[in-house]
Amino acid sequence: KKRELILAIESSCDETSVAVIEDGNQILSNIVASQINSHKRFGGVVPEVASRHHVEQIIGCIDEALKEADVTVEDLGAVGVTYGPGLVGALLIGITAAKSFAWANDLPLIPVNHMAGHIYAASFVSDMTFPAMALLVSGGHTELVYMKEHGSFEIIGETRDDACGEAYDKVGRVLGLKYPSGKEIDQMAHIGKDSYHFPRAMMKEDNFDFSFSGLKSSFINLVHNAEQRDEVLDNHDLAASFQASVIEVLVTKTMRACKEYNVKQLIVAGGVAANQGLRSALEASVTAELTEVELVVPPLRLCGDNAAMIGAAAFIEAKKGHFASWDLNAKPSVTL
Ligand code: KG4
Ligand code: ZN
């Protein structure tokens, strides 16, 4: 049987990444060049800085991905690329590189939605079985996505304001942590206690939507009021209390969604899927209440932005006959 090899490119935000994927579920290489150190001092990703880094990194990443996979251009069957959502300038670098590479080497081009990519990181862990529910939690998104089959995405609930990762990063700034602060808050939360009780927004409402801006505001107010009274708060307890609120809402709504839609699989995806507290809380709830549901959580290195997940999603798109023409453009705010 001939190997089906896809070269995948991801450049939607602050990682330049190129991967070579075999048959949609084997990673031959997955090069990730992070620019995070260039953005840290600004407290967030600066779009223009991101684009310039992608330009500098992309060619080297393609060469390295082919070398590490030990394949040549002739072995490849297609090129997959993220076309959105993301930063327009950043996306354009990946798209332009993918188009040029595909055109020069006579390969078909496959357009991939970045969020579909996050979900398809699951296919490196387990075969996807349907119907499935995906909890997508990243720096820009918080969504519950129902999938009745491959490539079919129905957003049944989403955040009305801040994304979950965004709330982590904003709270982290108040605690004086470096951007992005999700991982550090997660670590602090394991030392602290849930002693400051924060609100659990929309938990009792009969829908699958989320809200994190109220939680963020009550966190900021608590810290500022304490500062004015010269009162010292315990940062570890603050982190633990914030994280307890986030996890309780995410887990409650996700469990409810899985039951209502009677799914076979629950996929957790996106940067915040790396959260240890969230991973163990979901594992405990699924084990206790949904014995027939398989929980699929990608390994940590595949939770953040990477091209391997884009290659996995590209494989499915190609099977469905979804190819791009040479006028493929960036779609910064495309939805699933
Ligand atoms: O998916 P991602 O790498 O980029 C986007 O597409 O947004 O997600 C990045 C987000 C950041 O907000 C970061 O703080 C958060 O994921 N994050 C975490 C953890 N690791 C990364 N949030 C909570 N706990 C973590 N362990
Ligand atoms: Zn992402």
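Reader: What makes L266, L282, E283 and V286 contacts of L295?
Author: Two residues are in contact if their C-beta atoms, placed from the backbone, lie within 7 Å. L295 touches L266, L282, E283 and V286 on that basis, not counting residues up to four places away in sequence. The C-alpha atoms of L295 and Q265 are separated by 6.0 Å, although the two are 30 residues apart along the chain.

Reader: Where does L295 lie, and how is that element defined?
Author: L295 lies in strand β10, residues 294–296. Strands (E, at least two residues) and helices (H or I, at least four) are DSSP runs, numbered from the N terminus.

Reader: Why is L295 called partly exposed?
Author: A residue is buried if 20 or more other C-beta atoms lie within 10 Å of its own, exposed if 12 or fewer, and partly exposed in between, with C-beta atoms placed from the backbone. L295 has 17 other C-beta atoms within 10 Å, so it is partly exposed.

Reader: What kind of model is this, and how are residues and ligands labelled?
Author: This is a predicted model, in which local features need pLDDT of at least 70 and side-chain atom pairs count only at pLDDT 80 or more, while totals for chains, interfaces and linings use all residues. Residues are numbered from 1 along each chain as its sequence is written, with chains lettered from A and ligands numbered from 1 in the order in which they are written.

Reader: Which residues does the "binding site" annotation cover?
Author: The UniProt annotation, from an unreviewed entry, covers L136, V137, S138, G139, G140, D169, G182, D186 and N275. UniProt positions are given in the numbering used here, feature names are shortened, and annotations may be inferred rather than shown by experiment.

Reader: How do you know whether V137 and N275 are buried or exposed?
Author: V137 has 30 other C-beta atoms within 10 Å, so V137 is buried. N275 is buried because it has 26. V137 lies in strand β6, residues 132–137, and N275 is in the loop between β9 (265–269) and α9 (276–289). Leaving aside neighbours within four places in sequence, N275 is in contact with G182 and D186.

Reader: What surrounds ligand 1?
Author: There are 19 residues around ligand 1, and the closest are S138, G139, G165, G182 and G271. A residue is near a molecule or strand if its C-beta atom, placed from the backbone, lies within 6 Å of it. The elements that give two or more residues to this shell are α5 (164–174) and α6. The shell divides into five nonpolar, 10 polar and four charged residues. Here Ala, Val, Leu, Ile, Met, Phe, Trp, Tyr, Cys and Pro count as nonpolar, Asp, Glu, Lys and Arg as charged, and the others, Gly among them, as polar.

Reader: Why are α5 and α6 called roughly perpendicular?
Author: Angles under 35 degrees count as roughly parallel, over 145 as roughly antiparallel, 65 to 115 as roughly perpendicular and the rest as oblique. Axes are lines fitted to C-alpha atoms, for helices over the stretch in contact, and angles run from 0 to 180 degrees between N-to-C directions. α5 and α6 pack at about 75°, with their axes 8 Å apart. The two helices are therefore roughly perpendicular to each other. The contact is made by G165, Y168, D169, V171 and G172 of α5 and G182, E184 and I185 of α6.

Reader: What makes α6 roughly perpendicular to α8?
Author: Helix α6 (residues 182–189) and helix α8 (residues 235–261) pack at an angle of about 105°, with their axes 7 Å apart. That angle makes α6 roughly perpendicular to α8. The residues of this contact divide into six nonpolar, three polar and one charged.

Reader: Why is D70 called exposed, and what about D106?
Author: D70 counts as exposed because it has 10 C-beta neighbours inside 10 Å. D106 has 7 C-beta neighbours inside 10 Å, so D106 counts as exposed. Phi of D70 is near 60°, and D106 has a positive phi of about 60° although it is not a glycine. Most residues other than glycine have a negative phi, and most peptide bonds are trans.

Reader: Which bond joins F130 and P131?
Author: A cis peptide bond joins them, with omega about 0°. Y179 and P180 are joined by a cis peptide bond with omega about -10°, and P180 is found in the loop between α5 and α6.
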